[in-house]
Amino acid sequence: MNVFTRRSFLKSTAASAVVLGGAAVYWPRSGFAQPTGGMTNLLKIPALETGHAEGGVRVYDLTMQNGVTEFFEGYQTPTSGINGSYLGPTLKVRDGAAIRINVSNTLEEPSTLHWHGMHLPARMDGGPHQVVSPNETWASEFTIKQKAASLWYHPHLMGKTAEHVWRGMAGMFIVEDAESDALPLPNNYGIDDIPLVLQDRIFTRDGRMDYGLSMHSRMMGMVGNVPFANGTYAPYFEATTTKLRLRILNGSNASTYNLALDNGANFMQVATDGGFLEAPVEMNLLQLAPAERAEIIVDLVAAEKVMLLNMAIGGGSSGGMMSGENNNAPAFPFLEIRAAAKITQSADLPSHLTTMEWLNEADAVKTRVFNLEMQMGMGAMMGGGNSHSINGKVMDMARIDEVVNLGDTEIWELRNVSMMPHPFHMHDVQFQILDRDGQPPAPNEHGRKDVVMVNPDEVVRIIMRFEDYADANAPFMYHCHILEHEDAGMMGQFVVV
Ligand code: C2O
Ligand code: CU
Ligand code: CU
C-alpha cells in the first residue's frame, strides 16, 4: 500500500484509532499505543564512533542535520539527527584521552550539542552559550577526566532544547577506563552490550511528529503515546549470550519510566548516571526520570522471550493529579528480547565493581538551597516563558545565579515546592545523594549521579566537589530535565572561580 492509498484509508478511519505501518496507533493522546502486531522490527543499534587520530588527539565529527525517518512502513517522518536522520552515533572515549569533537550545523537554525554528565571546562560544554550557527562548525576540545560511564549528548539551545531533542537529536557517550577494561562485564557493542535510548513521541495521522505545545504540555512537559527504543518502533533484539548489558537512557522530554521484565525476573543494576555502583544491585523495578541512565544486566536462557516493559505506576510519591501523566499510563512494551536457541555462556557477574570515594558532609563549606517552583493557574499557563522557576527566578543567560569556589565541597539542598516531580540536573560534576527527606537513597542511587528526581514536597540533599575547571566568565547550568520546564525557565547558571 503506498502512502496515498493509506492516506485516503486513514481519512475514512474512525477517530479513535489509526493504522500506521500495520500496527495500530491509538488516538487521542491519553494512553500509550500498544503494538498490536507484536514486536516486529529489529532494534536499531546506533553506529559506534571511536573517532580518528590527529596527532595526539582523538577527533570525532558530528553533523546536526534534517532528514526523514521511516518509523512506520510507508511513512516518511521529518526528523533531525546527528550524522543521520534520527538520533546520533554512540561516541566512545577513554579516560585520559585528549579529544576534539567537531560539531557542524546543517540545520536551518542555530543549535548546540551538550555533553551531558561530562566533567569539562564550561566553554567546551555545549550549553546555551556555545551556539553553533547554521553552516558553521564548533570544535569542543577537552581531555576526558572521568570514570567509565554511560553519558549522553543533546542540543541545549536556550528556549529550544525540548523541540530539538524531540525532533531526534541525541546520542550516547560511553567512557571506558582501566576499571571497566578489567571487569568481566559484557562489552561487545551491539552484541551483548547494548545502548538503549528510550523515548516517546506523538504523531499526527499522516505520520509527522510536529512539536506543538498545548497549555497542558507547556506545564507538564511533552508526553508522547508511541514508545521507541533507539528510534525503533515495536523493536526486538536477538540475544546470543546468557547475559545482556543494557545501557539504558531515558531520552524522553518529560516521561518517567518504570521498567520491569514481563516474566517478573530480577535484573542487576551495575551503573548509574556517572558510572559503576560499588556492587551490583538486584532490582525488579527501575525508575528512570528524564535524562537518567542505568546499566543493567539481564539473565537469559536459551530460546526464551523476555519483554522489557514500562509498568503502570499510580499513586505513591509520584502519583496524584499533577504527577507526570505517563506515570499513570498503562503498561506498554519497550523491547522484546529473544534469546537464540543456542546461546553463549557469559562470565559471572563480579560482586565488586568499583570503590567510591564518598564525600563527607563535614567537608562541605556551604549549603545552597534551590526551590523548584511552578506557577499554577491560567495566567501562568498562558504566560508562556514564565511559568517555571528556581528560587523565584526565571532563567536569564545574562545573570549568574551562583558563584562557587574551585576545590570546594558543597551541599545543594533541592526543595520541590511544586505539585509535580522534577528531575534536577547539574553540569560540570557528578554528585552523590546524601538523603531524601532525611532518609538515605536507595542502593541503586548510591553512586555518582548527575540527575536526581525530586518529588513534590520532597527535600533531596546532594553533595559534590568542584574540581579542575574554573572560569569566571563561562557558566555551567543547573536545571530541571523535563525539557519543557527547562525551556520555560526552570534553569540557573553557576560559575566556578
Ligand atoms: Cu542533559 Cu543541561 O542537560
Ligand atoms: Cu547536562
Ligand atoms: Cu520540572
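**Notebook: confidence, fold and a copper site**

**Entry 1. Confidence.** I began with the confidence values of this predicted model. The mean pLDDT of the protein is 89, and 87% of the residues reach 70 or more. Helix α1, residues 3-11, has the lowest mean pLDDT, at 27, whereas strand β10, residues 114-116, has the highest, at 99. I noted two stretches with pLDDT below 50. One covers residues 1-31, which have 59 contacts in the model beyond near neighbours in sequence. The other covers residues 315-328, with 36 contacts of that kind. I keep a caution here: where pLDDT is low, the predicted coordinates should not be read in detail.

**Entry 2. The protein as a whole.** I looked up the secondary structure and found six helices and 35 strands. The protein has 497 residues, of which 59% count as buried.

**Entry 3. One sheet.** I followed an open sheet of six strands, whose order is β3-β17-β25-β24-β19-β22 and whose pairing is mixed. Which strands are the edge strands? They are β3 (41-42) and β22 (286-288), each of which pairs on one side only. I then examined the pairing of β3 in detail. Strand β3 runs parallel to β17, residues 235-241, and two bridges join them. Within this pair, I found N41 opposite P235 of β17.

**Entry 4. The copper ion.** I asked which residues coordinate the copper ion (ligand 3). The answer is H422 through ND1, C480 through SG and H485 through ND1, at 2.0 to 2.1 Å. I wrote the sequence spacing of these donor residues as H-x57-C-x4-H.

Are C480 and H485 buried or exposed? Buried means under 20% relative accessible area. C480 counts as buried because its relative accessibility is 2%. H485 is at 0% relative accessibility, and therefore this residue counts as buried too.

- The copper donors to locate are H422, C480 and H485.
- The sheet to trace runs from β3 to β22 in the order given above.
- The stretches to treat with caution include residues 1-31, where the pLDDT is below 50, and residues 315-328, where the pLDDT is also below 50.

Terms used
Residues numbered from 1 in each chain as written. Chains lettered and ligands numbered in written order. Predicted model: local features only at pLDDT ≥ 70, side-chain atom pairs only at ≥ 80, totals over all residues. Heavy atoms only, no water. Helix = DSSP H or I, 4+ residues; strand = E, 2+ residues; numbered from the N terminus. Buried < 20%, exposed > 50% of the residue type's maximum accessible area, 1.4 Å probe, protein only. Donors = N, O, S within 2.8 Å, 3.2 Å for Na, K, Ca; no water. Pairing = 2+ DSSP bridges. pLDDT = per-residue confidence, 0-100. Contact = heavy atoms within 4.5 Å.
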